[in-house]
Amino acid sequence: MSAAERGRQAGRAHQREPQVEGLTIERYAEVMAYRRHFPAARAIEVLLRLGIQPARWDAATRGWGTAMSGALARDEPEILTRFAKALATQERRLREFPPRIESLGEPVAQQGDIDGARASEGERAAERPSYLRDEAASAPWPAPPAEPAPGALRNLHGTAEMSRFVPRPALPFQELEPAREPSKKR
């Protein structure tokens with residue numbers, strides 16, 4: 001039985017369970033484990049082989065993320081515990097018996113694809129974030145901020161020097177100064 005079929009069976013079994021985009025918290029954790037198991041470059045393929053559209057996954061991630069953060073704020077750990085248990089169980093299964101991606105099932109056609117064909121390069125470029133698009137490399141950098149007017153800094157010259165009162169914890173790579181013993185007055 002493929003992972004997609006197991007997911008459909010689990011979905012039918014948990015009809016009364018709370019769901020976001022048709023995914024129970026356990027199914028959401030299981031799919032998350034599969035996505036983490038396979039390389040990030042194949043994340044969409046993993047979703048499609050599990051029968052989940054990427055837009056549906058994004059909505060489920062937002063929904064379950066909101067639900068879990070709300071439960072955490074209310075100090076109701078049940079949903080977090082269920083998620084963590086399901087995720088850990090599936091990740092352990094994937095480590096012990098690593099599947100091939102083909103064993104997840106046949107990929108469903110991605111919404112927006114025509115006859116299962118990939119979107120053209122131009123359409124995929126439009127989906128990329130602006131900083132990854134080709135035209136981003138040719139965009140001019142913004143001009144540096146102008147120097148402040150000479151009179152603008154005048155008001156700061158009469159203020160107290162407080163930098164020695166600001167605590168600055170040592171960073172792991174810095175050596176600490178040896179502690180000084182307090183002076184003893186006689």
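## Helix α2

Helices are DSSP runs of H or I with at least four residues, numbered from the N terminus.

Helix α2 has 13 residues and spans 18 Å from its first C-alpha to its last, close to the expected 18 Å; the expected span is 1.5 Å times one less than the number of residues.

## Basis of the model

The model is predicted: local features need pLDDT of at least 70, side-chain atom pairs count only at pLDDT 80 or more, and totals for chains, interfaces and linings use all residues. Residues are numbered from 1 along each chain as its sequence is written, and side-chain values use heavy atoms, with hydrogens and water left out.

## Aromatic pairs

Searching the whole structure gives two aromatic pairs. Rings of Phe, Tyr and Trp (its six-membered ring) pair if their centres lie within 6.5 Å; planes under 30 degrees apart are stacked, over 60 edge-to-face, and the rest tilted.

Y28 and W57 are stacked, because their ring centres are 4.9 Å apart and their planes are at 25°. Y28 is in helix α2 (residues 25–37) and W57 in helix α4 (residues 54–73), 29 residues apart. Relative accessibility is 3% for Y28 and 4% for W57.

Y28 and F83 form a tilted pair, with ring centres 5.9 Å apart and planes at 35°. F83 lies in helix α5 (residues 78–96), so this pair ties helix α2 to a part 55 residues away in sequence. Both Y28 and F83 are buried.

## Cluster

Through ring pairs, Y28, W57 and F83 are linked into a cluster.

Notes:
Helix = DSSP H or I, 4+ residues; strand = E, 2+ residues; numbered from the N terminus. Buried < 20%, exposed > 50% of the residue type's maximum accessible area, 1.4 Å probe, protein only.
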